[in-house]
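User: I'm new to this one and would like a close look at a single part of it. Could you pick up one residue and walk me through its surroundings?

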Amino acid sequence: MENGHEWADLGLSVRWAACNVGAVSPEEYGDLIAWGETEPKSAYDWNNLKYCHVSNSISFSKYITDVQQDDAFPENDSEELYFEPLPVMLAPDSNEFIMIQDAASRSDADSRSMIVYGVIENAFETDDRTVLEPSDDAASVNWGGSWRMPTDAEWMELLKNCSWTWTVQNGVNGHKVTSRINGNSIFLPAAGHHDDFLHIHPGYEDSFGYYWSSSLDSTFPEHAMMTLVGKQGVSTGTAERYMGLSVRPVCE
């Protein structure tokens, strides 16, 4: 236990919590929270995202890198792109990684294609913060102690050093994550995500679990790094900062 919350020792650099923020058991979904915020809310959109300012384009007052829309998207700021890149996936029941085509290069991928809102000539000075500070970290604020959100590198450590099995635990779909180092395990429920911009409020429950890291995508600062778990496998990628995703804490 750490500050009243249970953790599992998977033999890794951090201890992983037994359940999500907002949950009291491993199978409970818990809260869906936007990146950089600490509480769930009724709607998830650019317009109500903390540190986000919407006019003709989107700008941020915190967690800003010097990458501009013109660098990332040379065509124009209204190019239609599907934006859930999944660069690497762990195949089900396998320790092999599958490289996936960068989703950002596919136009009109499916009905969730969207108009990209870019950071153009940001009105605020860049701060080069690429990891959430404790006051903006949902795990730190809600659980206290040494709890915090895992970095993208810590998610990759979990992905590489564990066996991932899609299963049903107490009636809930999700992944049993078993350490190949010491055999201990945690369960990550498929809680879906919440996205009012794309009219998914919420969606994909029982099919996919979307989990934030504390790491900004410094190449596309509208995004933060996340991990996606589903029946087909597990992958790392990015999601727009406004989206409501699950938070699985870690502690030192």
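This is a predicted model: local features need pLDDT of at least 70, side-chain atom pairs count only at pLDDT 80 or more; totals for chains, interfaces and linings use all residues.

What follows is a request about one residue and a connected answer. Where does Ser246 sit, is Ser246 buried or exposed, and which residues does Ser246 touch?

Analyst: Let's start with the whole chain. There are three helices and 17 strands, and 52% of the 252 residues count as buried. If you take the contacts with a separation of 6 or more, 62% of them link residues 24 or more positions apart.

Now for Ser246 itself. You'll find Ser246 in the loop between β16 (233-240) and β17 (250-251). Ser246 counts as buried because its relative accessibility is 0%, and the cut-off for buried is under 20%. Setting aside residues up to four places away in sequence, Ser246 touches Asn20, Tyr29, Asp31, Leu32, Ala191, Tyr210, Tyr211 and Trp212.

In the largest nonpolar core, which has 35 residues, Trp212 joins Trp35 and Met149 as the residues that touch the most other members. The elements giving two or more residues to this core are β4 (58-60), α2 (138-143), β14 (208-216) and β15 (223-230).

Definitions and conventions. Residues are numbered from 1 along each chain as its sequence is written. Side-chain values use heavy atoms; hydrogens and water are left out. Helices (H or I, at least four residues) and strands (E, at least two) are DSSP runs, numbered from the N terminus. Buried means under 20% relative accessible area, exposed over 50%, partly exposed in between (1.4 Å probe, protein chains only). Contact means heavy atoms within 4.5 Å. A nonpolar core is a set of buried Ala, Val, Leu, Ile, Met, Phe, Trp, Tyr and Cys residues joined through side-chain atoms within 4.5 Å.
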